[in-house]
Amino acid sequence: MMRNKKIIFIFILFIGVGWLFTPLYTVPIITYHAISTNFADTSLKVTLTTFYKQMEFIKNRGYKVISLSDYCQLLRRKEKLPNNLLVITFDDGYKDNLWAVNILKQFNFPATIFLISNKIDKENYLSSQDIEWFLNNTKVKIGSHTLTHSYLPHLDDASLIREIKDSKEILEKKFRVNVDTIAYPIGGFDHRVLKVAEECGYICGVTTNRVLFKNGNIYALKRIRISERDLGIRLWGKLSGFYSVFKRHRRQR
Ligand SMILES: [Zn+2]
């Protein structure tokens, strides 16, 4: 009898905790920067081997990986979201992202690479040919990471519009695709930045862990940076959908 009571108590506790935390759940949007073939010496690099293991984990755990654009469309339509969604993004458009693209292709996962439009075809960055290739042969899409990677809140109005609007137009014209998502360089944004992003026709925008607003602003969606150390339980925690809740006050690097 005692045992039954205990089971009922634990059951109610679980329901209670679930009920309390469910409204805090957000679809994990993960971020990578550079990919390395030998070692990862900074938190902005992940080795190819680890990247493969992380994708394998995502597949084995039954996540449904969708593109950022598709996720934002679902948010805008206020549709009920399945609880296994996950979004993959890359910032800066480094040449080494091509290795990751090949792995994404193997897993048939979509992703978004945020390009700095002035850096395309420059040393260490993706070339136009690379970008054409993955746009035509994989589920990887492109988004804007502005023209020059400037810290947007510090810009005057004209420069801000140029960074946000021109980068979109350049990418759309060059690659004949719709560019409807933006990642703010160094996660820097304020109300003015978000307003310009919306006026320039983006459907949503992503930041880093930095947060000015509570969840719900589609132009300031939080992301989770994945590092070389994120495997096993660490990765599980980061992808749980509750990680950002506990990272709310983390300072921007
Ligand atoms: Zn960047």
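**Entry 1: Thr50**

I looked up Thr50 and found it in helix 2 (residues 48-60); helices (H or I, at least four residues) and strands (E, at least two) are DSSP runs, numbered from the N terminus. The model is predicted, so local features need pLDDT of at least 70 and side-chain atom pairs count only at pLDDT 80 or more, while totals for chains, interfaces and linings use all residues. I note that residues are numbered from 1 along each chain as its sequence is written, and that side-chain values use heavy atoms, with hydrogens and water left out.

Is Thr50 buried or exposed? Thr50 is buried, at a relative accessible area of 5%; buried means under 20%, exposed over 50% and partly exposed in between, with a 1.4 Å probe and protein chains only. The Thr50 side chain makes polar contacts with the side chains of Thr47 at 2.9 Å and of Glu228 at 2.8 Å. A polar contact is a pair of N or O atoms within 3.5 Å; within protein, one must be able to donate a hydrogen and the other to accept it, and residues adjacent in sequence count only if both atoms are side-chain atoms.

**Entry 2: zinc ion**

I then checked the zinc ion, which is coordinated by Asp92 (OD), His145 (NE2) and His149 (NE2) at 2.1 to 2.2 Å. Donors are N, O and S atoms within 2.8 Å of the metal (3.2 Å for Na, K and Ca); water is not among the atoms, so sites may look incomplete. The donor spacing in sequence reads D-x52-H-x3-H. Asp92, in strand 5 (residues 85-92), and His145, in the loop between strand 7 (140-144) and helix 6 (157-175), are 53 residues apart and link distant parts of the chain. Both Asp92 and His145 are buried.

**Entry 3: strand 6**

I examined strand 6 and found five of its five residues buried. Ala111, Ile113 and Leu115 cover one side, Thr112 and Phe114 the other. Strand 6 runs parallel to strand 5, joined by four bridges, and parallel to strand 7, joined by five; two strands pair if DSSP finds at least two bridges between them. Leu115 stands opposite Ser144 in strand 7.

**Entry 4: helix 6**

I recorded 19 residues for helix 6 and a reach of 27 Å from its first C-alpha to its last. Its buried residues include Leu160, Ile164 and Phe175. Asp156 caps the N-terminal end, with a side-chain oxygen 3.2 Å from the backbone nitrogen of Ala158. Just after helix 6, Arg176 takes a positive phi of about 50°.

Methods:
The expected span of a helix is 1.5 Å times one less than its number of residues.
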